[in-house]
Amino acid sequence: MKRILVIDDEADIREIAQASLEITTAWEVMTAASGEEGVAIATSTQPDAILLDMSMPGIDGVAASQQLQRNPATRHIPVIFLTAQLETAERSKYEALGGTAVVVKPFDPGTLAQQIKTALAWTD
Amino acid sequence: MRILLVEDDETLAAALVETLTAQYYAVDLASDGEMGWEYVQVAKYDLIVLDLNLPHLDGIQLCQRLRQHQHHEPVLILAAQSSSRDKVRGLDAGADDYITKPCSMDELLARVRALLRRQEPTLRSPVITWGEFCLNPTACEITFQGKLLALTPKEYSLLELFLRNPSRVFSGSVILEHIWAFDDAPGQETVRAHIKRLRRKLKLAGGGDIIETIYGIGYRLNDGAAAASPALETGATDASPTGMIPAPDGQVDAPVPPIAEPESKPEVKLESASESIAGSSAPPDAVTVNESMAMADQARSMARLAWERFREPTLERVTLLEQAVAALEAAACSEALLAQAQQTAHKLAGSLGMFGFPEGSALAQALERLLKGDQPEANVDQLEALVVRLRERLHQPPTQDAFSLSGVPSDRRNNGTARSDGAEPHLQVANSGLPDSGLLAAVGRKRVLVVDTEGAIAPDFYALVHSAGLEIERVTTLEQARQVLSQNMPDGVLIDPAIAPTIEAGLAFLGELADRFPSLPVFTYSAQDSQSDRLAVVRHRGRTFLSKALPPSQVVQVILQALDPLMQPAQPTVLAVDDDPVILDRLTQLLPKWGIQVVPLADTKEFWNALSVTLPDLLILDIEMPHANGIELCQIVRNDSTWSSLPILFLSSRHDAETIHTIYHIGADDYVHKPFTEPELVARIFNRLERNRLLKNLAEMDQLTGLLNRHYGINKLKHYLQLSLRYQQEMNVVILDIDQFRYVNDEYGYDWGDRVLQWLAHLVKQVVRSGDITARCGGDELMIGLYCCSQADALLRISQLLQLLRLEEFQHPTQPGSCQITFSAGIAAFPKNGSDFPSLYRAANQALQQAKSRGGNHIELA
């Protein structure tokens, strides 16, 4: 069974992402409300993928993904960025950060799981 | 027709009751606001006439309360206050018209008629209540005692028919006529079966036996049963996959049951294959299309439910935006407040769409862009209008359209953009298909390939193009351009021929484009615009020449026009006819600020032409003009069935009773007299547009598929044919029909057949462009009109559609095994196969029959 970690400071986004994935898949979904918390949970629980919000107070998406990259324990975990707008120029930034894909907010709760599966080429 | 009069002045009330009764209206009189509110809740009115100064609850408050509670009865305010501020207040509170006391009884009656005329009998008030049943056609939901009934689409239509016509007896054949299209009409026994099932469900829900059989005649609602029935244990949560998804009570928080490793489920059919959380310990079944769609719907309805809890904090964020905008207006916005507002707009943009407010996200995004711009204080008017619209939208319920968030296939838009720069081949962009900017939420985005040297085009040009609803793909070499063209065809190309290596190569590329893609719009965008430069472009068969000296907005306008002459901006368009240039000037300055596009017209001789080219959402007419006066123009419009529902507003300096009477008599909707004030005019225009949009949606859509219905589909097609004739464009009419649909219905049941149709309609929307016509002609017959499209291209699109449909394996609802659905189609081309609708329809139909005779699963050209 896949386990997904959602890191976002916004309670509504966290809740909808979690509920949407739980309704449409059998994955276990964990959530974290800040970058610090997210990195800690990722290290201790080793999820199969991380959904990471870009703009958070404190440790934001950029800093969190760098920490995940530096840590040998979390380096291998695919990271999908959650971001509100996507400018063409920003794409290279996400890739430089080691992101696998970007999910644009607002996402469709009905197809979020599908977007993740497609991005990570999961076939279950 | 039943009218509620809320008036506390006894003398006036008596006079009004007498006048209205003499016109055969049934009139109820309420002497204060609270009483009026009580009346509205127990009886159904066709119109409410409302005084403003009322004891207990005043007219404005009552009107607001009505609209908040989904009462859509037309409201006419009758008040002594004549200032335009009061009128604006009344209209903004949701009234449809405003008339000042004292007034002539004739004018009042004329206004009453004008309002009633706009109410088609079947469209009276969107929400219908009968006993404890409540039908909301916008959401296609019927509730009993506030609980949602889980009905199949057919059961819904059936119950809707009864609820809309509470006293009428319907024979089996009339029911067939209303609910089934004639091509696949089943026998009367099917009607009986559906009635039986519906009765059973209603009984289970505690609604009693509300459908009464009148032996030998038919069925009708049984008035006595509605209230008397005892409330039984509700068992109406139908497990049928086509039924409405019951609210996932508590399911969100339910613990996820342990589920076997996905690898151990080899029989899994589709991507979205995993158990729903309601899954039991039974062996996991293969997840069907229906189930995965149902789960997606469930996830969406969960998000809409979550809105209840997040509404307050979200509205607080809007309040913060309002404060920031007010501070900007007063030039007192601190850096901190501005930063906070930017952040807030950003967050709203990211979240509203998920709750079912895609337009909310678009509005917040527009706000964010303006707030982050160089001079937000210079755009205060626009900011204010956006915030107002945002708040208004959030006070309405979230959209229920299941496909509104997933209409665009997620891979189509991204392939090209991700690939083009070459630098980021691995990064995928998953996209929900939501509009990611601008207010053009409804329009499918067009992609334009821009071929130009790096940095040669100013960034604000891109921003403008983007906000106009176009998607840009930039490349800097001809080689990259060729690659994009071969992989992911854009809708248009904008190219500066002065691109490396030489201008000759750039010009030669224009010729190459003309050869390879004769119908692709290509715009030459050049800084060199002398006559010899233009000539060089023409010689290389470049088509549209745009000088870089032109203002960017004009360039965007040309591109939009050329890409799709019928691409209707979400901005409403108003055609204003007046021979006074001062008035036209004032309108063109004033209305765009409010997001209304104005097409001014001074010459009435051009009227009909302008009308059919601009396709306005509203018409403003002056009365006295040379050649043809406004009254005559209004009559021309009303005489043509295409325009019978176009809102018409008169703007005139004449305000004698006779003129006003004439105006309403000939079918005008509203009247504003000159000199007018900006807020009043704008409020009246918005009011009309909003009302019309609501009625249009109800009248033009096929409820099952969300496509146009037969009537409007054909009307629109005829109109496009006229345009094709005028602009010498090719156009194609496609008729398609699901193979063996009768068998599908018999074997799998009608609910399942409905689901197949919905799925097909969903796929159709993916393969056509925004300007194309898609209609359900009846039964399983769909009609598609492809404008500006060669027959080969039409064949390609329809083949693509057939392939998409064949990809789906439809699981039998009850038994193991699945089947594939295919369709047959006939394509007729204008002008090759005919020049009018009947001949094209015949030709397409013949081709369809040929395709069928070849065994189906086939597309035939006429």
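Predicted model: local features only at pLDDT ≥ 70, side-chain atom pairs only at ≥ 80, totals over all residues.
Good morning, colleagues. I shall begin with the helix pairs of chain B.

The crossing of H12(B) past H13(B) is left-handed. On the H12(B) side, the contact is made by B:Glu359, B:Gly360, B:Leu363, B:Ala364, B:Ala366, B:Leu367 and B:Leu370. H13(B) contributes B:Gln382, B:Leu383, B:Leu386, B:Val387, B:Arg389, B:Leu390, B:Arg393 and B:Leu394. Sorted by class, the contact of H12(B) with H13(B) holds 10 nonpolar, two polar and three charged residues.

The second pair is helix H27, residues 750-767 of chain B, and helix H28, residues 791-807 of chain B. Here the axes are again given as 10 Å apart, with a packing angle of about 140°. H27(B) and H28(B) are therefore oblique to each other. Which hand does the crossing of H27(B) and H28(B) have? That crossing is right-handed. From H27(B), B:Leu760, B:Leu763, B:Val764 and B:Val767 take part, and they meet B:Arg797, B:Gln800, B:Leu801, B:Leu804 and B:Leu805 of H28(B). The contact of H27(B) with H28(B) consists of seven nonpolar residues, one polar and one charged.

The axes of H6(B) and H8(B) come within 10 Å and cross at roughly 85°. That angle makes H6(B) roughly perpendicular to H8(B). Which residues of H6(B) and H8(B) meet? They are B:Lys154, B:Glu155, B:Leu158 and B:Leu159 in H6(B), and B:His194, B:Ile195, B:Arg197, B:Leu198 and B:Lys201 in H8(B). By class, the contact of H6(B) with H8(B) has four nonpolar, one polar and four charged residues.

I turn now to the strands of chain B.

An open sheet of five strands runs in the order E19-E18-E20-E21-E22 in chain B, and its pairing is parallel. At its edges stand strand E19, residues 597-601, and strand E22, residues 670-673, each pairing on one side only. Direction ignored, neighbouring strands in this sheet are turned by 20° against each other on average. Within the sheet, strand E18, residues 573-577, and strand E20, residues 618-621, pair in the parallel sense over four bridges. One bridge can be named: B:Leu575 has B:Leu619 in E20(B) as its partner. Helix H21, residues 607-614 of chain B, packs on the sheet and touches E18 and E19, its direction making about 175° with that of E18(B). Helix H22, residues 630-639 of chain B, lies across E18, E20 and strand E21, residues 648-652, and runs at about 155° to E20(B).

A further sheet in chain B is also open, with four strands in the order E6-E7-E8-E9 and antiparallel pairing. Strand E6, residues 128-130, and strand E9, residues 147-148, are at the edges with a single partner strand each, so one side of each has no neighbour in the sheet. Strand E8, residues 141-144 of chain B, pairs with E9(B) in the antiparallel sense over two bridges. There, B:Phe144 stands opposite B:Lys147 in E9(B).

Parallel pairing also joins strand E4, residues 75-79, to strand E5, residues 97-100 of chain B, over four bridges. B:Leu78 has B:Ile99 in E5(B) as its bridge partner. Together with helix H4, residues 84-92 of chain B, E4(B) and E5(B) make a right-handed β-α-β unit.

Finally, some points on backbone geometry.

Most residues other than glycine have a negative phi, and most peptide bonds are trans. A:Pro106 has its place in the loop between strand E5, residues 101-104, and helix H5, residues 112-120, of chain A. Another cis bond joins B:Phe830 and B:Pro831, where omega is about 5°. B:Pro831 belongs to the loop between strand E28, residues 823-830, and helix H29, residues 837-853, of chain B. As for phi, A:Ala121 has a positive value, near 55°, although this residue is not glycine. A:Ala121 is located in the segment after H5 of chain A.

Thank you for your attention.

Note on methods:
Residues numbered from 1 in each chain as written. Chains lettered and ligands numbered in written order. Axes fitted to C-alpha atoms, helices over the stretch in contact; angles between N-to-C directions. Parallel < 35°, antiparallel > 145°, perpendicular 65-115°, else oblique. Contact = placed C-beta atoms within 7 Å. Nonpolar A, V, L, I, M, F, W, Y, C, P; charged D, E, K, R; others polar. Pairing = 2+ DSSP bridges. Right-handed = clockwise from strand over helix to strand, strands pointing away. Left-handed = near helix turned anticlockwise from the far one by under 90°.
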